[in-house]
Structures are given as C-alpha cells and as structure tokens.
There are 2 protein chains.
Amino acid sequence: METYMPPRSIGMKSEQLALLSVMSHKMRTDPEIGKLLKPAKSVAKGIVEQRNLYLMQKGYDESTKMPEKLVEQLAKQQAIATSAWKSAKAAKNFSIFKPELEKMVELNREVADILMKVNKAKTPYDALIDSFEPKMTADAIDLVFADLRKDLMSLIERCQSAKKPDTSILRVTVPTGAQKDISTMLAQALGYDVTSPNSGGRIDETEHPFTTGMYDDVRITTHYHQDNFTDSVFSVLHETGHALYEQGMNPTWKFQPVGTACSYGIHESQSRFMENIVGRSKEFWTYQLPKIKDIASPSLDDLELDQFMRAVNIVNPSKIRIEADEVTYNLHVIIRFQIEKGLFNGKINVSELPQIWNEMYEEYLDVKIENDSEGVLQDTHWASGLFGYFPSYSLGNIYSGQIFSKISRDQPDWKAKLSVGDLSGIKSWLSQNVYMNANLYDPADLIKKITGTGLNAKPFVNYLRAKYGELYGF
Amino acid sequence: METYMPPRSIGMKSEQLALLSVMSHKMRTDPEIGKLLKPAKSVAKGIVEQRNLYLMQKGYDESTKMPEKLVEQLAKQQAIATSAWKSAKAAKNFSIFKPELEKMVELNREVADILMKVNKAKTPYDALIDSFEPKMTADAIDLVFADLRKDLMSLIERCQSAKKPDTSILRVTVPTGAQKDISTMLAQALGYDVTSPNSGGRIDETEHPFTTGMYDDVRITTHYHQDNFTDSVFSVLHETGHALYEQGMNPTWKFQPVGTACSYGIHESQSRFMENIVGRSKEFWTYQLPKIKDIASPSLDDLELDQFMRAVNIVNPSKIRIEADEVTYNLHVIIRFQIEKGLFNGKINVSELPQIWNEMYEEYLDVKIENDSEGVLQDTHWASGLFGYFPSYSLGNIYSGQIFSKISRDQPDWKAKLSVGDLSGIKSWLSQNVYMNANLYDPADLIKKITGTGLNAKPFVNYLRAKYGELYGF
C-alpha cells in the first residue's frame, strides 16, 4: 500500500482494511477468550506462559471495555482530523485544524477514562502513555526530562559557542543508484540481510521511511535525494535498527503476544542506537567511509573522515523535530510531552496551542516560529489521535544511552571493533539482552534487568558530553 | 509474494495462505448460504440478479459437495507432485514424476465424478473442463479442433516452404532500462494506465509473466532479457490484454459473482487479441516501431518495419509450447487435449505418456523430442492438478479470431486506425461487447451474443491465412 500500490487502488484497499479491522476486533473481543483466560491462568507454568496470558488479558480487557461506537467515532475523526490537518498545514493556519483537534482530544479523553480503569492508571494521560510505553507514567518521565532538559541546554550552549562544522560537503550530488548501493551495503554491514537467497528483508522507497513486518519478513523504506545522500544513509541505519529488533525476537514465540515488541521506547532505542551511537561514531565510519566512497566514486572522492564526522554531528537548534540533530532532538520531544500533559490534565486548551508552542520553542531552543506550519502543525500524530506517543522517542534515546553504557562495560573494545567493521560483539549482546527478550517484560523491568538500573538519562547525557566535547574540542 | 517478497518469508506466507484458504472454504460452504439461496432465487428480478444467484448456487454446490478430505489430499498431492515434477524435469526423467502424476490423476477422477453430478456433465473430462470453460464439452472441442488441426498443418506446410525470415535482427542488445520504458509506452498505448496519478496498474518483474488483481488494482509482470527485447514486448502486450479485461468489467457489479471473468478461454481471447491480432500486425507497428526505436536509440536504429514484421511472425514448428508462434501454438494445445481426454476416458495410462507425447509431436509438428524435459515434462499444469485447462488456450485463440472477424465487419477501418496510433474504436468495441459483460453469460452464449455464431475456428484460420499469405507471399 505504501510502496507499490497503484494510486486508484486506495478506495478498494481502504474498504479491505476497514473490513479486516472489524473482523479482527470481533476475534479479539470474542467472549470465549474471556471465558478461557481465567482457567488458563490458574494452570499457567513459567514466566513465558504467564506473560502470554497477562498480555492476552490486557488486550482483551482493553478491546472489550472500549465501546464499538467510540472506536468507530475515533476512526472517523482520525480521517477528518488528518484531512483538516493537511489543509491547515498547507494554509499555515492552525484555526482550520482547531475544531477537529478539539474533538479528537475529547474522544481521547473518553478513551483515557476507560483505559485508566482497565490498567489502573493514575491519570488520563498516564493511561494514554501506557499504550506506547506500558506502565510508564508522566511523573516518572517528568522527573527524568527535567534534568535532561537542563543538561541538554547547557550542552547546546557549549556547542553553539564552538566553531560551526561545514555541512556544505554533504550537499554534493550522489546519484540515486549509488545511494541505493550504499543503503544495501550498510544494511548488510549491520547484519540486516537484504541480498542473500535466504534473506528476510528488503529496502524500498517511500516519502517517510518506516519499518514493517515481523520475523522472516521485515522490510524497511527510505528515500533518496540526489543532493542529500546522508538523508538515506541515516534513515537506513535507523530503520535497520528497528528491523534487526523485529527479526531478532525469540522464534519459538512466533505469533504469541510475548513474541512482539516490548514498547515503542524500546523499539526506538534500537533504531537510535544504530543510527546515532553506532552510525554517527568515528569508529564506524573509519571502516565504512572508504566503502561508501568506493561505491559513490567519484562523487565523494574529496570527503575526509574528520570533516564528515563533524558535519554529520552538527548541533543546530531548529524548528522541525524530524530534521533535528541528536542533541537538540529531545527538546522537541519534551515540549510535546509538556503540552500533551497540559492538554489531558486540563491546564492547556487546544486554542492556546500555537502560542504555547511558539513560546516554548523560543525558551527551549531559542528559535522563532514564523507560522503554524513550521510550528504546532508540523507533526501528524495528534491528527491521528496519537497522544502519549511522543515521549517514547526520547525514552528510546535515553534507553539507548543506558544500553551504550552497559555494553561499554561488558565489551570495552566494542567501539574499537567497529573501526575494523566488526559488529559481531554488539550484535550478539543486543540479541541476547534486547531482541530475544521481546515482550517478556515491561520496558522498565527490561531496562533494569539489562542495565541494573531503572530509567536514567545520565548515561545518555554522558555519552553526548564525551562525544561532542571531543568533536567540538571542549 | 511473486515480485518483492524476501525469500525467507515463504514459510510464513504459505501458512498465511493455508489459513486464508481454510477460512474462505468455511465461508463459502456456510449452510446459511444454502438456506438463503432458494428463497432468494424465487424473488430474483432481471438477468443480473438471476445470474448472480446461479453462480452463487454453482459455487456453493461445488464447494459443499467436495469432501474436505479430498480437498486436503489434493492440496498435499499438488505440493508433492510439483516437487517431483521439478526433480523429474531437472533429471529429464519422467519416471520420477510418474507415481505422483498417477495419484494426481486418480484424485482428479474423484473430483470429476463429484463435479459430474453437480454440473450434470456427461463425462468426467467434461466436468473438469467446466471449471475453466463453463458448459464446454470435449465433444464440442473435438469437432472444432479436428478441422483446426488440418487447416493449421496445411498452413504450416506452406509457410515452411517459403523463405525463412531473418530473426537475428531481434537479438540486438536493448538495455533493460530502455525495455522498461518500452513496456510502459506500450501499456499506455493500449490504454492500460500505469503512470498517471490515478492509475490502477503496474508493471513488475517475474520469471513467468502474469496478470493479477481486479478493478482498480490490476497489475502485470514481465521479464527482461537484454538480447531478446521482443520477449518483454509481446509478454507486456499479452498481459495488458488480460489487464484491460479485468479493469473493464461493469463497476456496478464489483465484488459480485457476475462481476468476474467469464472463462479462461474468454480471458485468453483478450490477451491473444492484443498480443497477436493487434500486436503482431503491420498497422500497429507502423505507428509504434518509430516510438520504440526512439526509446531504445541507438540500439534499434537499423530495424526496419518489413523486416521486423517478418521476424516477429516467423512460423517455426518447435518443441516448447510457451515459445511457439501464433500458427503452430494450437497444435501443442491439441496434443495436450487429446492426451487429457484419453487419460480421463481410460484410453491412456500415465505410464504411456512420454511415448504418446513424442509420437504426437512427430506427427503434428514434425519435431523429434530428445528427452522428457523438453517433452511431456515441459508444463507445470498437470503437477498442479490442472486438467481441462489446456484447451482454454486454443479456445482463446479461436474466440479472438471470431472477435477479429466481427470487429472488422463493425469497424472496417479499425486496422487502418492502428497505423495512426488510434485504438479508441476497438477499445470501445471490446469494452461494450466483452469487458462490460463480465460473467453475465457462459462463454458459448457470450460469443454467440457478440458474433452471432457459436464456437467456430474458421475466422481464426482465415485471419492466419490472410496474414501469413501476405507476409510469406503465397
């Protein structure tokens, strides 16, 4: 649907998807499931069986407690709000989107009220967060984000006062064919097989890159812009991180609830680990840069490692989240988190959003938003009714920092090995600790089990400080 | 699955397909359908409602009368026999395939016995033919094939005694990129839209070309060989004929039994009409040849129209059906029809197949089969349990001749219009007479309604005689 569907097929495909969603809802809410769960739980043996039944019960309760009418209203409002959002974004005018967003928030308050009871969440917003990051709370996030924000802002200040890297070297023309070969090479280098006769992956093209599928069929997408080759490079590294996670789950749990992703945050930790911690490291490019120069020759013949490292690690406060660098990125997320929290605890009205947004961007990132299109309208999440999703992006970065720190203790030479193209050590570490555990634990428990401590942004901040201190010489 | 699936996905995909087939069988055989059909038929108004209910009843009876165990045995034997067929073909040894083909024939005898009762067919083979060409019988085919065979053999003799065209001019290298652009151009020229923002089609690549989908999403495949550009040209014209039929059915009948293809033979008449009657005509290439020469320039710069017409219309008795030319092709089919008939009326045993096959090829086509791989093992149909399918290939050619003859009476200038790139006349004729009628009539009734006469090979033979007489100068 996203890659090769003939455009005219959209109507037929939408009807098919609607039918499948009705059928799957019927199957998930079959009263027989409710009847079978209780006796099954009384005889469940071992943590895998228990976890499966816990996840089945959670899914069953959430599905059955949600009135069909509300589900239908949400689906309709999602289509309406997304359409209004597109118009508003094109017109750079929030007021077009406002009434539909208000209805969307209202419907999500109803959803949150129901989920609060099912999952015993303390606040409506916590109930929404739980859909993306089970058992995570706004209070826990607040605690971690407060320090993270301060640390990032001081780090950004230091980066800002240093000499700016020259990013014009990244604007050289690299033909699409060469970029495709680079994508394939990098995916293979990370162990995401897209070429062998037994491969379980593919790389295709879409406007917005994503990963889809599971186990033996996990595909990623990217996009190619001739004058911005690093766009495809880093999106492929990012999606490859997602793909390796999906492919790496315990195969004996296939088609069981326990054999799914742990959370959005854990998923994002895997993509950001590959994109940033591995993929923007000097050691990685020591080995890979000559290879991509070979593939793209002569386009990148003049590119030097140090120059490249500075350019792909520029720190530059900006207006658009999805274009943000590794350091400023989390401030974009923290702003969204604060706003969502305010929306659902009643302290912020939808009508105030543009003003609050613009003020926070000035305060957090020191940028002046000129219009709603580059401001509050930039993301599609809220139009789709996705509230509580944004924090998982930063949780992913924070987790990736904790994982980085633990790997560095377990395998002190892992980065040195990157510079000879050897990722076997970290691949087996991630497989054993993250991939294979799949959904056996809630994310907080998984992170504690892996790293020994709970959610903690310090390792991520330390990683950034060390890396940017060295790059910017402070 | 056939175009972009990662290879490792085959296991998962097979399980999914098996599950879907069980689910669809359950839906099709739901006793509620049987209960509803009778009262529905008593109040049905008009031929569309009546036809829908007739087709529903036929499908319901066929599905419910077939024991689940037999369906399961067939599915299993299909996998086993196909695997044995592959081994036998590689080893050029029929005896490897023999025991599995025997079981397959046996199972299909059981199927035929059941279908005989359901559809009141006179013989088991008629019952099998009915699955591909409803209401057609072996006797009716026999009658038409007997004359067709004689006419074709005498035409082939005349072509053989004329000067052979030079086909080496078709072996020039045309890069894959240019061949792809030619494919797109030809599809568009025939009105199969694969490029516009509202297109409902696509061209992809597979080893064996095919057409799939319906209505707003109909896709074709082809394959590209640098040194054989006409291979992709004619496979695209062929599949485009199929695609136009699928896209052109009455849209108000979407998802109704009446809104499906009439028969395999009628489907094939549409592909062969575009591939051969339009696609191998001088008028068509008068307009299109300069266009493909432009696209492929300089590869085809030396290609001249007359030379090209002779080369793509070579008549050359050969061993392999799918490589056969327009004239000899039907002899390959008639051989298979005779053998299938013998297999199901008990006059031929599976063990005799290679000998009978080789003798018939010598008698009909004057070629000497050297081994089973280029002989009785060349097609996959029997391994898949498809008996009664082969005749529809020739029925398609015969129907296409009848359609050609009628169009030529209705629009005497239609061929002249091809030479200025105008296909609008035949497109609207085919739409009105063939596409839009979809499955409203059984194929014999449709052909009679369109052309005024029943199944008749004479127009096809006359078309061939006129065309090849002119090309070969007799």
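Of the residues of chain B, Tyr4(B) comes closest to the rotation axis, its C-alpha lying at 4.9 Å. The model is predicted: local features need pLDDT of at least 70 and side-chain atom pairs count only at pLDDT 80 or more, while totals for chains, interfaces and linings use all residues. Residues are numbered from 1 along each chain as its sequence is written, chains are lettered from A and ligands numbered from 1 in the order in which they are written, and side-chain values use heavy atoms, without hydrogens and water.

In general, two copies of a chain are related by a rotation about an axis and a shift along it. Here, chain B is superposed on chain A by a rotation of 180° with 0.0 Å of shift along the axis, at an RMSD of 0.0 Å (least squares on the C-alpha atoms of residues with pLDDT of at least 70 in both copies). The two copies are therefore related as by a two-fold rotation axis. Both copies use the same surface, since 100% of the contact residues of chain B recur in chain A (contact means heavy atoms within 4.5 Å).

β1(B) and β3 (residues 217–222) of chain B run parallel and are joined by five bridges. Within β3(B), Val218(B) is the bridge partner of Gly201(B).

Turning to the rings, a search of the whole structure finds 53 aromatic pairs over all chains. Rings of Phe, Tyr and Trp (its six-membered ring) pair if their centres lie within 6.5 Å; planes under 30 degrees apart count as stacked, over 60 as edge-to-face and the rest as tilted. Among them, Phe404(A) and Trp414(A) are edge-to-face, 6.1 Å centre to centre with 75° between the planes. Phe404(A) lies in helix α15 (residues 391–410) of chain A and Trp414(A) in helix α16 (residues 414–418) of chain A, so the pair ties together parts ten residues apart in sequence. Both Phe404(A) and Trp414(A) are buried (under 20% relative accessible area, with a 1.4 Å probe and protein chains only; exposed is over 50%, partly exposed in between).

Terms used:
Helices (H or I, at least four residues) and strands (E, at least two) are DSSP runs, numbered from the N terminus. Two strands pair if DSSP finds at least two bridges between them.
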